[in-house]
Amino acid sequence: MTNNLVEFATDADVIFCIGTNTSECHPIIAMQMLRGMKRGAKLIVIDPKKTDMAKKADIFLQIPVGANIQLLNTIINYIIQNDLCNKEFIKKHCHGFDYIKEAVKDFTLERLEKEIGADPEKVKQIAELYAKAPASSIAYTMGITQFVDGTANVMSLSNLALITGQIGRPGTGINPLRGQNNVQGACDMGALPNWIPAGSVTTEFAQSQAKIVWKTELNPQPGYIMTDVPHHIEEGNIKLLYVFGENPAMSDPWTEHFIHACHELETLIVQDIFLTETAQIADLVLPAATWTEKEGTFLNTSRVVQHLAKAVEPVAGLEPDWKVICNIAKRMEIAGFDFSKAEDIWNEVRKLSPNQFGGISYERIKKEQGLAWPCPDENHPGTPIQYADFKSFLPDGKFKIVPIGHADDEKQRDVFEAEIRKKCKIPDDYPVACGMPSAVPTKVYPCMFTTGRKVYHYHTGTMTRECKALEFGADIMGASIEVSPDIAESQDLETGCYALVENKNGKMVAKVFINPDLIEGTIFTTFHYHEADGNKLADASQKDPLSGMNPLKMSIAGIRKISEKEFREFRIKEDELMHPSKMYKTVKGA
Amino acid sequence: MKKFQTVCPYCGTGCNIDIFVENNKIVKAEPTKKHPVNDGELCLKGMYGWEYVHSPRRLTKPLLRKKNGVFSKEGKLEEVSWDEAYEFATDRIKATVKNYSPNHIMGFSSARCLNEDNYVFQKLFRVLGTNNVDHCARL
Amino acid sequence: MNLSNRINNFVIANPEVCIGCATCMSACYNSAYERGKLAVPRLVVTRTASGVMPNQCRQCDDSPCANVCPVGALKFGGDFIESYEEICIGCKMCTLACPFGAIRAESEIMPSIDNTIVPDYNLGLESVLGNKSVAVKCDLCTGREDGPACVEACPTQALMFINGSIMDGQVVSQKASDAVESFIKNKTA
């Protein structure tokens, strides 16, 4: 997030939520937004699902899955055409305004209405509200990113914020609500194939920092990205996979492919707190201490480093993850892993990335209830609002507005990118992007298939399903397939019957729940339940060209009613695949 | 009953939680009062999502896939000593690096673990000479 | 009228600020579990086309459920409708009688039951469970020191505990005088 999440409550005049089911996925952020609304802030919600926040919104626009760019380009075009831009901000701080003007010029309200059925009046209201308000804040989550054009979606949002100058001040900014407690931290700590805490592995600074602090030559070649891993395993490029604190056998798209690929590895090491679905196919499983059993830090969505105290002694004398890894390193006689406590590690991070973390000490975050990076020295107050000086991280300090188009397929995408480069004389090193759908319903698979979370569970449920108040208290629905009423009618489904959803990637079965909040032609399910994992059907063959993200939110599928007998048989077979270890069978007689 | 301030392990909001401990067992969780992030409120996962810490199904010993007492792909996961587990892990990593290249190993780190855990994990891979580290945030 | 009024206590949610986060359901489950009641939530977050809020027993003063219960498992108490789950016979008449859909026939999944060993629970196949059902409804967390757990847990203060005995004085007459005041002001202005 460029800003702090509390600003929703205290500063924002307009909260622009797109592709986020905030009240289910981030209830406390939703609470802060409600506080803002009580103060008088207006709430705009754009989503394929009529979420609980949508029902409270001042304006709710229901759009089909994956129609973000068409909508955002139309809003941007309307803002430009109606002179709602912040001209001073654009002139002083931005590149590329002419490019975007050209890219969006055909995105009219009429065209949008024809293509996705969006009410032009509502789109106008959204554009005016967002552009005119003193402080407008954008909030988004996976409904923006988990597409083949996820990066283009995000750049569209940044375009919107830049042309209206809604950035760098309290209550503005572009705010991805992080889905996991330490996404920000894991990225900042360098758990990325192209990044160490000191920056991109290709930069001189990172290279020299690695030499000084790690006393090692940093490989300048970025590594494999996660979504390519099953492919690389099959090609023989990866022989050993070490997974820690993650359950990719359930969380990766097209899970069957991942599980299949893992059998071709020479070694699969899994380090976790439970015998997860991934651990069950591992060669070596290493247990580790869990949350509250170890001291350390998390980085929350507002880039705030927060301290976690150790509250209980680890079960069975287990050691924290970092210690297990250090033990391995020491046995391999690798220097630089002699940490005796978590704070020592953090202090090395501060040395490696002084501009970002230099001033953030354990002592300070405990006393000051967290500090937001960048915080270069002990006297620096931290940076809750980024770009407050309206300067970007680029060498000339200016922001780039990226021209973004929309195409029907990859071929057209390339055509658009080449044409706009030529037409506007865009230099080769200037980014250009284009959105496109990754799947269009067919006769065989006539429904849109999308996934999401439920408030009472978390991801693959490894932790939350062990908690009675969540599993038996709040979750009274269990695994289910939610369908829009039109699908229910055409497929003769009723709430409570069993159904099978399938596409070329996989199949899943569960009880049906007819959900009138879903947009026409859509099936929704979660990835919390091993017995009905929506990620099985996710498309892993397509990727965002920049981030490598698979379109988890956009697949196509067919659905049909099945009998209780078929349902049981399927579940038993399914269990064989997910739980090969006898200890963890979940179905009797399997 | 002792009180410890910690941060919720679920979504990215970063709510602060006061954990109350008795006899080395968590007995309840309460929102940290007047904290800038969550201001004395919590959702259900923060308030009740700690029970897994004391689950009897937690892993407590390393497991190695074995058949007839030795490692085998066709074997079943069996409890082994930490010594044996570490030896297996280090041998396999070393052998892969030696027989193929550092780029033939890959690590999945975790957005659910500490900064310190992530840092050490990626450092190990980098020091071994590869940038093959990624984590679930990409998804 | 001089008859002594019977106005029960009750819990109700304000849908304007409820975000449907179900924290109340977990709190309810936990309270029931701790008090040795059937460990199921007694309020259910209910979504409709217009909004979301938890739905639970209104503690009706002349409650159809207590009137219809053949064994006295649901009974007029001092200031709410008491429920005695241990003597419920599972006849489900209260479920039919309740105009709010606030009483459910539930059977508990015993906390000691391990999903992985007793797999049918995990399959969600009610037909093979074979547990006797019991009528459960909100009992205002009777026996819990701090009152209803849901009210305490709600992060947006959507849930309120209304004390029937002071309702007249604090809620009704206050609103009445506010309304009259603003009416007169508007008229004379």
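1. A residue is called buried here if 20 or more other C-beta atoms lie within 10 Å of its own, exposed if 12 or fewer, and partly exposed in between, with C-beta atoms placed from the backbone. By that count Thr292(A) is buried, because it has 23 C-beta neighbours inside 10 Å. Glu333(A) has 8 C-beta neighbours inside 10 Å and therefore counts as exposed.

2. On provenance: this is a predicted model, in which local features need pLDDT of at least 70, side-chain atom pairs count only at pLDDT 80 or more, and totals for chains, interfaces and linings use all residues. Residues are numbered from 1 along each chain as its sequence is written, while chains are lettered from A and ligands numbered from 1 in the order in which they are written.

3. Most residues other than glycine have a negative phi, and most peptide bonds are trans. Thr292(A) is not a glycine, yet its phi is positive, about 75°. Thr292(A) sits in the loop between strand E11 (284-287) and E12 of chain A. Helices (H or I, at least four residues) and strands (E, at least two) are DSSP runs, numbered from the N terminus. Glu333(A), also a residue other than glycine, has a positive phi near 60°. Its place is the loop between H17 and helix H18 (342-352) of chain A.

4. One cis bond deserves a look. The peptide bond from Trp373(A) to Pro374(A) is cis, with omega near -5°. Pro374(A) lies in the loop between E14 and strand E15 (399-400) of chain A.

5. E14 also belongs to a sheet. Strands E12-E13-E14 of chain A, in that order, form an open sheet of three strands with antiparallel pairing. Its edge strands are E12 (296-299) and E14 (371-372) of chain A, each of which pairs on one side only. Two strands pair if DSSP finds at least two bridges between them. Between E12(A) and strand E13 (residues 304-308) of chain A there are four bridges, and the two run antiparallel. Thr297(A) has His307(A) in E13(A) as its bridge partner.

6. Helix H21 (residues 410-424) of chain A checks out on length. The expected span of a helix is 1.5 Å times one less than its number of residues. For the 15 residues of H21 in chain A that gives 21 Å, and the end C-alpha atoms are 21 Å apart, which agrees. The buried residues of H21(A) are Arg413(A), Phe416(A) and Ile420(A). They cover an arc of only 60° around the axis, so they lie on the same side of H21(A). The arc is that of the directions from the helix axis to the C-beta atoms. An α-helix has 3.6 residues a turn, so residues three or four places apart point the same way. The face of H21(A) turned away from the buried side carries the exposed residues Lys411(A), Asp414(A), Ala418(A) and Lys422(A). After H21(A) comes Lys425(A), with a positive phi near 55°.

7. What does the buried side of H21(A) pack against? Its buried residues pack against helix H7 (97-104), strand E16 (404-406) and strand E17 (433-435) of chain A. H7(A) has its own buried set: Tyr99(A), Ile100(A), Ala103(A) and Val104(A). Seen down the axis of H7(A), these fall within an arc of 115°, so they line one face of the helix. Their cover includes helix H5 (68-81), helix H11 (150-164), E16 and H21 of chain A.

8. Now the interface. In chain A, 117 residues are in contact with 86 residues of chain B; contact means C-beta atoms, placed from the backbone, within 7 Å. Helix H17 (residues 321-331) of chain A gives the largest share of the chain A side, eight residues. By class, that side has 71 nonpolar, 32 polar and 14 charged residues. Ala, Val, Leu, Ile, Met, Phe, Trp, Tyr, Cys and Pro count as nonpolar, Asp, Glu, Lys and Arg as charged, and the others, Gly among them, as polar.

9. Strands also cross between the chains. Strand E9 (residues 240-244) of chain A runs parallel to strand E7 (residues 105-109) of chain B, joined by four bridges. Tyr242(A) stands opposite Gly107(B) in E7(B).

10. Chain B has three helices and eight strands. Its radius of gyration is 20 Å, well over the 14 Å that the globule rule gives for 139 residues, so chain B is more spread out than a compact globule. That radius is taken over C-alpha atoms, and the globule rule is 2.2 Å times the number of residues to the power 0.38. Of the 139 residues of chain B, 57% count as buried.

Technical notes:
Two residues are in contact if their C-beta atoms, placed from the backbone, lie within 7 Å.
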